[in-house]
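Welcome to this guided tour. Please open your viewer and get ready to select residues as we go.

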Amino acid sequence: MPEKKEDIRIGVFLCHCGSNIAGYLNMEELAEFSEKLPHVTFVQRNLYTCSEGGINEIKKGIKEQNLNRVVVASCTPRTHEPLFRSSCGEAGLNPYLFEMVNIRDQCSWVHMKEQEDGTNKAKDLVRMGVAKAALLEPQESIMSEVQVRALVIGGGIAGMTSALALANRGYEGGLVEREEALGGLLNNLNKLGPTMIEADELVEEKTRSVTGNSNITVFTNARVTEVQGFIGKYKVDIETESGVKKIDIGVIIVATGGRPFVPEGLYNYDGKRVVTQLEMEKLLKAGLDPAIKNVVMIQCVGSRNEERPYCSRICCQTAVKNAMLIRELNPDAKVSILYRDMQMYGVENEEMFRDSKAKGVRYINYDPANPPQVEPDKVRVYHALLGRDMDLPADLVVLSTPLVSQEDAEVISRLLRVPVDENGFFLEGHVKLKPLDFATDGIFLCGSAHFPANIREAVAQGLGAASRASIPLSKGSVVVEPIISVLADEDACRGCGLCVALCPYGALEIQKTEKGRKVHVIDVACKGCGVCAATCYQHALSINSFTDQQIEAQLEAFLD
Amino acid sequence: MLDVGRHPNIELLAYSEVEKVEGEAGNFKVTIRRKGRYVEEDKCTGCGACAEKCPTVVSDAFNEGLGERRAIYSYFAQGIPSTHTIDADHCRQLNGKKCGICAKTCQAEAINFDQEDRILELDVAGIIIAAGYDVFDPSVIPEYRYREIANVVTAIEFERLLSASGPTGGHMDRPSDRAVEAEIAGLEKKAKKSQKAISKLEEKFNEPSAQFYKKYQAGEYKDDEDRKKWADKYTAHLAVTEPLEELKKQAEGFTVAKRLAFIQCVGSRDFRFYPFCSGYCCMHSIKEAIISHEHEPETTSSIFGMDIRAVGKGFEEYKIRGGNNSNITYVRGRVAEITEGPDNNPVVIYEDTRERKVKRQEFDMVVLATACAPIKGIAELAKTLGVELDKYNFIKTSSLSPVDSTTPGIFVCGCAESPMDVPESVAQASSAAERAAEIAFQMDLEKEKAVA
């Protein structure tokens with residue numbers, strides 16, 4: 001039963017914030033003004049509404065004055081809305097029958113020298129808040145169970161680290177690897193810088209831990225072919241050699257890695273005399289041909305150019321490491337690295353770089369406008385410090401090529417409804433603050449699937465993604481604020497799907513109903529951003545606590 | 001910060017230090033000193049009324065000494081917790097003088113001049129070190145003349161100048177110009193006072209001072225004591241106003257800094273100081289140059305570096321965009337020396353390795369991209385916790401266990417481990433949380449076993 005309009009009883013609490021507000025606005029006038037607003041039955045001024053005393057006043061007001069809407073005019077909702085909301089809840093009022101008005105940050109603080117104008121602005125703000133409050137509807141928090149199981153896609157070092165970390169905390173999960181063995185790119189590597197651990201040993205040790213762990217189910221030669229659902233409730237199809245396996249999980253970690261770019265047509269690449277760093281790893285693993293006396297490495301082959309503008313981060317480290325290993329195996333071999341910027345960031349890399357110079361690796365800077373020329377037995381390069389061309393004899397030329405995104409990154413992106421960036425790497429939720437999350441809840445990211453990473457970084461990110469993924473797993477449920485999108489007018493929805501395409505969180509889907517194609521809001525995935533409601537031509541979607549009627553009422557109150 | 005402050009599972013102990021750690025992974029007993037701040041944490045609402053009324057002005061460490069704060073303060077405006085603190089070294093009341101204005105001002109009655117340090121004991125399963133880093137002090141590099149040349153600043157000082165809430169409100173006012181402006185303000189105050197004094201006399205004798213003074217100098221009013229006083233006051237006034245006019249004329253020519261130089265690897269990749277690369281400085285120089293250009297479109301910047309290490313996601317693209325759209329020139333070379341030219345303009349002397357020429361170039365301001373130095377006190381903290389440091393004094397880890405210290409149960413993240421940027425620190429913080437949670441989980445398992 002909707003309450004009658006005359007039953008609406010709004011309490012307005014005006015906070016002085018010490019002197020932050022009361023020092024600049026005429027609070028007495030504001031209180032008198034507020035008392036006269038429609039439906040307002042109680043007005044109180046507090047020194048600090050957020051203090052224990054202030055909170056008790058709100059609770060007392062709800063109980064003794066029978067308030068059924070509360071407006072607090074004070075500071076910013078960023079810091080204080082949750083407190084006031086929950087206080088209303090504690091007094092028995094639905095927490096979503098609360099409205100906050102900021103008369104400090106954008107009012108008293110910016111109008112310190114204009115008391116009259118500032119007070120008038122505060123009146124407008126309070127009047128708007130009260131107009132909206134009268135139309136507020138009670139809302140209930142949305143709770144959804146979480147299946148306490150994870151899926152890690154990709155069995156390289158990052159994925160294995162994630163799966164093991166989750167298993168170490170008692171969480172079961174699946175690990176899907178497209179190849180027949182775990183290990184990813186590590187399987188093709190020789191030794192790992194800067195400590196020169198054998199890649200094979202690391203793969204073996206990690207594989208043993210993963211396969212021997214009863215919490216982890218490993219799927220090799222397998223691919224994810226279908227993903228349905230949302231945080232806490234995913235249904236995933238995994239295609240394996242023995243047929244399609246269907247699993248139910250709560251969270252997903254994407255650890256699909258990257259692949260080395262093959263420099264077809266660049267610098268006379270032939271895979272024999274002109275090879276990539278990855279092929280160099282194989283040559284080193286097999287034991288280097290002692291006849292190789294002159295090696296020239298060229299950096300940034302296929303990267304930092306127009307087609308692939310990014311720096312692949314890890315190729316300089318690889319080149320330095322391999323140059324040192326060549327010098328170790330063939331001590332009289334000459335190794336030169338032709339580079340643009342030596343990207344030996346951090347403590348360990350720079351140390352290895354310095355070390356390599358002491359061990360006789362030579363570095364020559366080249367200008368991309370005048371790149372080196374690879375000829376049958378030599379490399380010609382313009383030496384900027386000498387100001388002339390130099391011919392470097394070369395039995396072997398090694399090209400440092402970037403890691404590029406996986407061929408199936410687009411497929412995974414589509415299945416999970418998560419974005420990739422312009423280089424095809426997966427796009428994290430926030431470049432600075434959410435490096436291991438996607439914008440969509442329940443899906444996480446680590447390793448070279450995000451951006452080229454070395455072993456240390458891939459391990460750290462693997463652990464970190466597991467930590468992020470464990471939050472919903474450990475809670476066993478997700479609770480979201482009910483300020484989300486709802487299909488308010490089902491008849492109006494034509495099922496056009498425009499909103500589905502625009503939703504940044506994958507929270508909308510089109511369902512077939514008796515009335516035809518209609519949009520359905522996955523409420524736990526929705527963040528209430530309002531893009532869908534703003535886009536819908538039919539005004540079929542609406543955002544709880546920000547309905548068209550509520551906002552219109554605010555605007556009308558402002559124009560009054 | 002806000003999330004930390006509000007999270008029900010986090011007990012925030014700001015302004016506190018670890019005194020002692022006993023026990024082992026899964027079972028640590030940690031003794032913490034909660035330092036007295038003379039403000040009751042549970043009463044202070046962070047409103048800041050006290051700081052407004054506090055009469056004692058102190059140089060503001062948060063603004064790198066470029067601005068001022070009061071003796072009762074919060075470290076910076078958005079700081080969490082917003083609880084204020086009394087700086088006991090400068091507070092008048094705490095130094096035996098009569099004051100207590102803050103206590104009278106505070107309507108929440110949070111001021112407590114008798115508050116003392118409190119000792120807390122915590123039982124925890126795991127410990128995470130996130131102690132951060134210090135900015136390298138470049139004054140030990142003689143050839144860059146930091147502190148000798150006013151307009152040579154560090155990147156973090158420049159960051160404050162760029163900040164809308166910083167001491168210049170985001171205008172790139174040069175430190176030398178700001179010093180002159182401060183002097184003008186001081187002299188104007190004095191001039192106002194001396195003007196007041198002579199105005200009274202002018203009124204009394206009904207004559208302008210300058211006219212009187214000419215006569216006085218010519219020998220009139222020889223034995224007139226009153227007029228002698230007037231003459232003395234007038235000369236004192238001139239002693240203030242003449243240099244004031246001079247400075248004002250000088251200040252007319254002041255504009256914001258438009259020609260900027262950024263010098264990379266200041267204290268990093270340098271055998272005299274820190275041989276390692278600090279990783280993030282190339283990017284903050286590029287960022288500062290881009291923002292400066294946004295503030296003032298005529299700004300041009302030169303970034304001097306051996307390598308420009310734009311190695312993160314989107315970083316190389318950002319660097320190129322800076323060059324194309326924000327008037328940034330990347331100069332390959334290590335700067336040899338900075339001297340001072342006319343108008344307090346720093347002059348950068350360097351070898352352009354592409355052209356093989358030694359060059360001199362004049363700038364309005366020079367920004368030093370300083371190294372990431374291990375934080376002060378880390379050796380003591382490491383000793384208290386019983387963890388090893390590497391040779392530079394970062395917490396020692398290994399590449400396969402990147403957040404594990406040498407002591408089980410104690411983990412590390414961020415620049416306490418090694419130099420790194422924001423996204424890497426955020427990712428590593430999650431990694432360290434994961435490792436600590438694993439320890440807590442194992443402890444719970446053992447407890448369950450023991451019960452069964």
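Start by selecting Gly219(B): it counts as exposed, because 7 C-beta neighbours lie inside 10 Å. (A residue is buried if 20 or more other C-beta atoms lie within 10 Å of its own, exposed if 12 or fewer, and partly exposed in between, with C-beta atoms placed from the backbone.) Gly219(B) sits in the loop between helix H6 (209–217) and helix H7 (225–252) of chain B. Helices (H or I, at least four residues) and strands (E, at least two) are DSSP runs, numbered from the N terminus.

A word about what you have open. This is a predicted model, in which local features need pLDDT of at least 70 and side-chain atom pairs count only at pLDDT 80 or more, while totals for chains, interfaces and linings use all residues. Residues are numbered from 1 along each chain as its sequence is written, and chains are lettered from A and ligands numbered from 1 in the order in which they are written.

**A hairpin in chain B**

Select residues 16–24 and 27–34 of chain B, which are strands E1 and E2, joined by 8 bridges and running antiparallel. (Two strands pair if DSSP finds at least two bridges between them.) The hairpin has 2 residues between its strands, and Gly26(B) takes a positive phi near 90 degrees there. Next, click on Phe28(B) in E2(B), the bridge partner of Gly23(B). Phe28(B) also stands opposite Val124(B) in E7(B). That strand, E7 (residues 118–124), pairs with E2(B) in the antiparallel sense over 7 bridges.

**Two sheets in chain A**

Move to chain A and find the open sheet of 3 strands, in the order E11-E12-E13, with antiparallel pairing. Strand E11 (223–230) and strand E13 (243–249) each have a single partner strand, so one side of each is left without a neighbour in the sheet. Select Tyr234(A) and you will find its bridge partner, Ile249(A), in E13(A).

Which strands make up the open sheet of 5 strands in chain A? The order is E10-E7-E6-E14-E25, with parallel pairing. At its edges stand strand E10 (216–219) and strand E25 (443–445). Inside this sheet, 4 bridges join strand E6 (residues 149–153) to strand E14 (residues 251–254). To see one of the pairs, select Leu151(A) and Ile252(A).

**Where the chains meet**

Finally, show both chains together: 46 residues of chain B are in contact with 51 residues of chain A. (Two residues are in contact if their C-beta atoms, placed from the backbone, lie within 7 Å.) On the chain B side, the largest share, 13 residues, comes from H11(B).

Select helix H12 (residues 455–475) of chain A and helix H11 (residues 422–451) of chain B, which pack at an angle of about 70 degrees with their axes 7 Å apart. Axes are lines fitted to C-alpha atoms, for helices over the stretch in contact, and angles run from 0 to 180 degrees between N-to-C directions. H12(A) and H11(B) are therefore roughly perpendicular to each other. (Angles under 35 degrees count as roughly parallel, over 145 as roughly antiparallel, 65 to 115 as roughly perpendicular and the rest as oblique.) Zoom in on the contact, where the residues include Gly464(A) and Ser467(A) of H12(A) and Ser431(B) and Glu434(B) of H11(B).
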